[in-house]
Amino acid sequence: MRNLVILSFVFASASVASAQETPIQHDAEHYLLLEQHADKWAAEDSKISETLEEIRTAQNGKPPNIVYILLDDLGFGEIGMPDLDVIRGYSTPNISELADEGLSFMRMYTEPTCTPTRVAMMTGRYAVRTGTSEAKSVVSGDGLSAWETTIAEVLSQRGYENVHLGKWHLGDIEESFAFNQGFDYAEHPVHQQGQMAIMNADAELAGASAAIAPHLRTDTYELDAGFRVKPHSMVYGIIGEKGGTAREVNFEPGEVFTQEHYMHMEENYKNRVLEEIERLADGDKPFFLNYWPQLPITLTLGNIDQAQTLNGGPMAESIAMVDGWIGEILDKIDQVGIAENTIVIVMGDNGPFMQYRWRSGQNDRIYRGGKNQHLEGGVRVNAFMRWPAAIEGGSRVQDIVHVTDLFTTLSRLSDADQYIPRDRLIDGVDQSPLIFMGDTNGRRDYVFVYEGPTLRSIVKQQFKFHLPEPGANPIAAPVFDLYKDSREERVDTSQTIPLGVGYGGLFVDMMKRHLGWKMKYPDREPGRDVPYGGIENLRPETQELVNRFVFVRELMSR
Ligand SMILES: [Ca+2]
């Protein structure tokens, strides 16, 4: 790697060049590692600060732009690994090229589903700590609270211009919307693809959902007219600017949402990304462009004129299409002349949607399990990072990285880590050493995996512990060696006890430290409010939905 040259001479100083006197507060497990590596890490940190300073100087003092592309429901092996094309029946040549030009994180862990992973990336904290550990599909009146500090807010303080386009899914209340969470400008759906790609008549006719379209049923016994889900009553896409109100766009009162509308909406977000790159590249500020496509999630074949993949599943076709869009985005970054000092990250947010595996074109080919599950198939994803000014192409690292680490690491790379709040627990550790010094220089060897609010498994090094039932002897809990049983299939005691006898108790100790640390930093509640606050042009059917929400809230407080 290019920077090994810079870092290869003897470290001159062992002092940590911390911009804030109070260090970032981490989980207990981190301090066991720090105790063993403090001097080495301090020396490395000092050198990395110098390296970052050198890179900034070479870029006229400007920290790197960041383009973060988070793809939905794509587990490990589904993108950017061309050797696997023959197994999947589709290819992603543009993402593979990005991998060739940058760094592949080969052991990236996320949370098992959309909202938690996105919250974890945005806040550097396990979603459970923020109270937003559940992916919602209908109106809920809650979301990411204003108290949380997002990566966008951190970068703002360093002078970044921040734009969010595409999926958001961090809550349906005003304080949760992207332009109230650190983005200067945002265009995003309030909810997620369930409303658009699954809860529409085309998807119901394709068998992807049920009891959605009113014309496919009669309603003789429906006393409670508000019970049946009415996806068209929910807000679709909004536009807003920092500190302002929002408007719902591209949807009229009484209109019925279709698959065609969804595809159009997605293409529009992609085109807006291209326009914004041109605009932002012209500006003086470094920028953070957060693009979270809703595709590849699609479960109908109606919009396919001619299949482009051997696989032919709607998800496979859609992944191939989105890969083409990523190619357009990378071309645009090149065209406007900012590629050298722009960090581009492409990754998945969790494993495949296994409920649709027989028809979608996806399945758990490598690791077992998928979306919503703590198994490796649910939380292992591909992640690629390109930054020509600093990273040599074709780099690969196998150290454990967690999605929360992006919060901390990107803050450091952007010279904004001094703005990370010190009054709360930050799970993300700074993985800059992995980026600058390569494989085996990571700063974590553990991950706690939650399903919703429930801790389900603990990863440490090559071992993984599935939490046993309360009161069970930890010796008999399933402990896996992920190299020998990568699919976590041998769950019965006769095959896991050889590891359980040595490691079961040690994993329980880890769990106690992790949960015990919550006495210092308790998990918080989400933000709660009336849905859709600050949206100027609610449709009458949406207002009806809000009225029902308000009525129920008052009913429950009587
Ligand atoms: Ca997802």
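Visitor: Is Q461 buried or exposed?
Guide: Q461 counts as exposed, because it has 10 C-beta neighbours inside 10 Å. The scale is this: buried if 20 or more other C-beta atoms lie within 10 Å of a residue's own, exposed if 12 or fewer, partly exposed in between, with C-beta atoms placed from the backbone.
Visitor: Before we go on, what kind of model is it, and how is it numbered?
Guide: This is a predicted model: local features need pLDDT of at least 70, side-chain atom pairs count only at pLDDT 80 or more, and totals for chains, interfaces and linings use all residues. Residues are numbered from 1 along each chain as its sequence is written.
Visitor: Back to Q461. Where is it, and what is its phi?
Guide: Q461 is in the loop between β14 (454-460) and β15 (463-466). Its phi is positive, about 55°, although Q461 is not a glycine. Helices (H or I, at least four residues) and strands (E, at least two) are DSSP runs, numbered from the N terminus.
Visitor: And D415, what about its phi?
Guide: Phi of D415 is near 60°, a positive value in a residue other than glycine.
Visitor: Buried or exposed?
Guide: D415 is buried, because 21 other C-beta atoms lie within 10 Å.
Visitor: How many residues of α14 are buried?
Guide: 10 of its 10 residues are buried, so by the cut-off of 20 or more C-beta atoms within 10 Å helix α14 (residues 404-413) is mostly covered. Among them are D405, R412 and L413.
Visitor: Which peptide bond is cis?
Guide: The bond from L295 to P296 is cis, with omega near 20°. P296 sits in the loop between β8 (287-292) and α11.
Visitor: Switching to the core. Which residues touch the most other members of the largest nonpolar core?
Guide: I69, L289, I345, V346, M347 and F384 do, out of 133 residues. A nonpolar core here is a set of buried Ala, Val, Leu, Ile, Met, Phe, Trp, Tyr and Cys residues joined through C-beta atoms within 7 Å.
Visitor: Which helix gives the largest share?
Guide: Helix α11 (residues 314-335), with 11 residues of this core. The core also draws at least three residues from each of domain 1 (65-445) and domain 2 (462-519). Those bounds come from an automatic or database domain assignment.
Visitor: How far apart are the centres of domain 1 and domain 2?
Guide: Their C-alpha centres lie 31 Å apart. Four residues from domain 1 and five residues from domain 2 make the contact. Contact means that the C-beta atoms of two residues, placed from the backbone, lie within 7 Å.
Visitor: What does the domain 1 side look like in residue types?
Guide: Two nonpolar, no polar and two charged. Ala, Val, Leu, Ile, Met, Phe, Trp, Tyr, Cys and Pro count as nonpolar, Asp, Glu, Lys and Arg as charged, and the others, Gly among them, as polar.
Visitor: Why does the length of α10 agree with what a helix should span?
Guide: The rule is 1.5 Å times one less than the number of residues. The 24 residues of helix α10 (residues 259-282) should therefore span 34 Å, and the end C-alpha atoms are 35 Å apart.
Visitor: Now H514. Where is it, and what does it touch?
Guide: H514 is in helix α16. Not counting residues up to four places away in sequence, H514 touches D27, A28, E29 and F448. H514 is partly exposed, because 17 other C-beta atoms lie within 10 Å.
Visitor: And V491?
Guide: V491 lies in the loop between β16 (479-481) and α16 (493-516). V491 is exposed, because it has 12 other C-beta atoms within 10 Å. Setting aside neighbours within four places in sequence, V491 is in contact with P478 and T496.
Visitor: Last one. What does UniProt annotate over 64-289 and 316-414?
Guide: The unreviewed UniProt entry gives "domain: Sulfatase N-terminal" for residues 64-289 and 316-414. UniProt positions are in the numbering used here, feature names are shortened, and annotations may be inferred rather than shown by experiment. Residues 64-289 are 31% helix and 17% strand. Residues 316-414 are 38% helix and 19% strand.
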